[in-house]
Amino acid sequence: MAYNLSKQIIGNLKKDMSMFLSKFKSVALPKDTLGVVWLFTLGAIGWLVIVGTAAMNMRTYLVFPSNSAGIGPTYYLALTLHGWSAMLGVVPDAAFAVIAFAMYKSGLSVVNTKKIAYLFWASNLGLLLALLGGPDMGWYMYPPLAIEENSTFKAFLIYQSPLLIGLAYIALAVNSIGETIIPIILLADAYATKPKNQKLNIFAAYGVAFAAIIALTMPALSAAEIWYALHFLAGVQVDPLLWLILFWFYGHPVVYYVPFPLFGALYYYIPKAAGRALYSEKWARWNIYLLAIGSMLIWVHHLQTFPLPVVLRLWANFATLVLAAGSGLTVLNLGLTILLSNGYNYRDPIGMSFLIALIGFILGGVQALPQPFNIVNPIIHNTYYIVGHFHLIIWTLILVGFTGVFLDLLKSSSTGFDYSKTASRLITAGLLLWTIPFMTIGYLMSVEGYLGMIRRVIAYPAMFEPFNLAISLLAEIGIPGLVLAISTAIGDYITRGVTTGGVSISASTSISMNVSKEVKLDG
């Protein structure tokens, strides 16, 4: 009897393992457009967990104003883990998820799914391999710290030989090269599957346009990483200024890799929640050019502390205003869409997500306007004012906007599924529970930065201790909000979703039905 029971248990385990491996393969190597969206979405969420864990580790140290130098390596390891996982992991994966989903919503298809899946795994595993070396120099990877290996400073805490460090930078180059090729494939697939004489909907137009921006700017990061690898493996000297120019040609546009495709999502979803057409689709489409040009020309303002010629400083200010004009046009267009409607459906969690994303972008974006100007920059440069500004954008436009896309992804993955009233209320409550504390954190950071709190320091004047205590406490309050929103959506999907084939990632019937529906509505 015991033998039969053991045999039955082993048989059940084998069956469960076989089912798990089959489902894992369908996710890891997707065969359709929605499968690709899911792959990159899960990748972004995985890196986001690491980003958040590292951030809360740093906050643990920052509640104490008198940390010793011995804390430094641990703190800066967490800082680098936080930055690399965010900028090299979350950002590209989230951007590609949004772009692929935008294609899906316009009736386009990802044809080369296998190539994209292999590139996904190569790029993400490359980043993981580099992180396992214990990088300790911050996400900027500035010289000389990023190429130091001596008794005074070590760029990597675990990889401590020229060979291993060189290989770590090659792994990072694999990451960025993969993330250069992926948008090129997405662009080719979008072109190949676009129906003749049919205009892309506004969501897909933004997604495709900014896939091109990623493909144009990411190679600069690859070149910078390969240069570092050659320094360690072949003794090639690094010119700091030229390296910084390479880095920032990528390093400023990267902050728009997710927001600008999400602008397309704002243009797509907010009119639906407002129950009317976008105020001016012509403005929205022309705005692509302003945003694309501005995002690629503005990078020089990151070199404000360098002895730049006056002409270049004037150019940085002008380019910033070009980008601000595009952003302002977005706010005006969407604001008029909402104000001239008969009422905004904020009870719909998707509509609420994008309303929060828009408001957060306005509040965070206004803080950016004075930064490049020479009379203001010396006051706030390298302070927590900068941290507060860009984190406000991250916490609202990027994370809440991406959550809105995720909520619609769940609906698109199962024909006939919609969120229950209870789930909708819980999701909205979770979004608000997340947003209110983190908006407060953003402004607390900016205030303490204006007062003189320097970023990336672990020993600071005691006057800033109450700020940092409040920031850490509010973060603890806010994080459960996002968890509540996402877990409620997933739970409602699992318990109430109309199943058409497993997770519906490979449910071709469901996908084709939804594509037809979207093309009819939006094409």
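This is a predicted model: local features need pLDDT of at least 70, side-chain atom pairs count only at pLDDT 80 or more; totals for chains, interfaces and linings use all residues.
Most residues other than glycine have a negative phi, and most peptide bonds are trans. Met-141 has a relative accessible area of 0% and is therefore buried, the cut-off being under 20%. A positive phi near 60° is found for Asn-382 as well, in the loop between α12 (377–380) and α13 (384–412). Asn-382, however, is partly exposed, because its relative accessible area of 29% lies between the limits of 20% and 50%.

The largest nonpolar core has 158 residues, of which Trp-84, Met-141, Tyr-169 and Tyr-250 touch the most other members. Helix α3 (residues 72–105) supplies the largest share of this core, with 20 residues. In soluble globular proteins, nonpolar side chains tend to be buried together. When neighbours within four places in sequence are left aside, the contacts of Tyr-250 are with Met-87, Leu-88, Trp-139, Thr-217, Met-218, Ala-220, Leu-221 and Tyr-257.

Two helix pairs were examined for their packing. Two packed helices are described by the angle between their axes and the distance between the axes. For helix α8 (residues 259–274) and helix α10 (residues 310–339), the axes come within 9 Å and cross at roughly 15°; because angles under 35 degrees count as roughly parallel, α8 and α10 are assigned to that class. The crossing of these two helices, α8 and α10, is left-handed. On the side of α8 the contact is formed by Phe-260, Phe-263, Leu-266, Tyr-267, Ile-270, Pro-271 and Ala-274, and on the side of α10 by Leu-323, Leu-329, Thr-330, Asn-333, Leu-334, Thr-337 and Ile-338. By class, the residues in the contact of α8 with α10 comprise eleven nonpolar and three polar residues, with no charged ones.

In the second pair, helix α2 (residues 33–62) and helix α15 (residues 465–496), the axes come within 9 Å and cross at roughly 150°. This angle is over 145 degrees, and α2 and α15 are therefore roughly antiparallel to each other. The crossing in which α2 passes α15 is left-handed. Met-56, Arg-59 and Leu-62 of α2 make this contact with Asn-468, Ile-471, Ser-472, Ala-475, Glu-476 and Ile-479 of α15. The contact of α2 with α15 divides into five nonpolar, two polar and two charged residues.

A further position considered individually is Thr-428, which is placed in helix α14 (residues 421–450). Its relative accessibility is 13%, and Thr-428 counts as buried because this value is under 20%. Apart from neighbours within four places in sequence, Thr-428 is in contact with Tyr-346, Arg-347, Pro-349 and Met-352. Between Thr-428 and Leu-132 the separation is 296 residues in sequence, and the distance from C-alpha to C-alpha is 37 Å.

Notes: Residues are numbered from 1 along each chain as its sequence is written. Side-chain values use heavy atoms; hydrogens and water are left out. A nonpolar core is a set of buried Ala, Val, Leu, Ile, Met, Phe, Trp, Tyr and Cys residues joined through side-chain atoms within 4.5 Å. Buried means under 20% relative accessible area, exposed over 50%, partly exposed in between (1.4 Å probe, protein chains only). Helices (H or I, at least four residues) and strands (E, at least two) are DSSP runs, numbered from the N terminus. Contact means heavy atoms within 4.5 Å. Axes are lines fitted to C-alpha atoms, for helices over the stretch in contact, and angles run from 0 to 180 degrees between N-to-C directions. Angles under 35 degrees count as roughly parallel, over 145 as roughly antiparallel, 65 to 115 as roughly perpendicular and the rest as oblique. A crossing is left-handed if the near helix is turned anticlockwise from the far one by less than a right angle, and right-handed if clockwise. Ala, Val, Leu, Ile, Met, Phe, Trp, Tyr, Cys and Pro count as nonpolar, Asp, Glu, Lys and Arg as charged, and the others, Gly among them, as polar.
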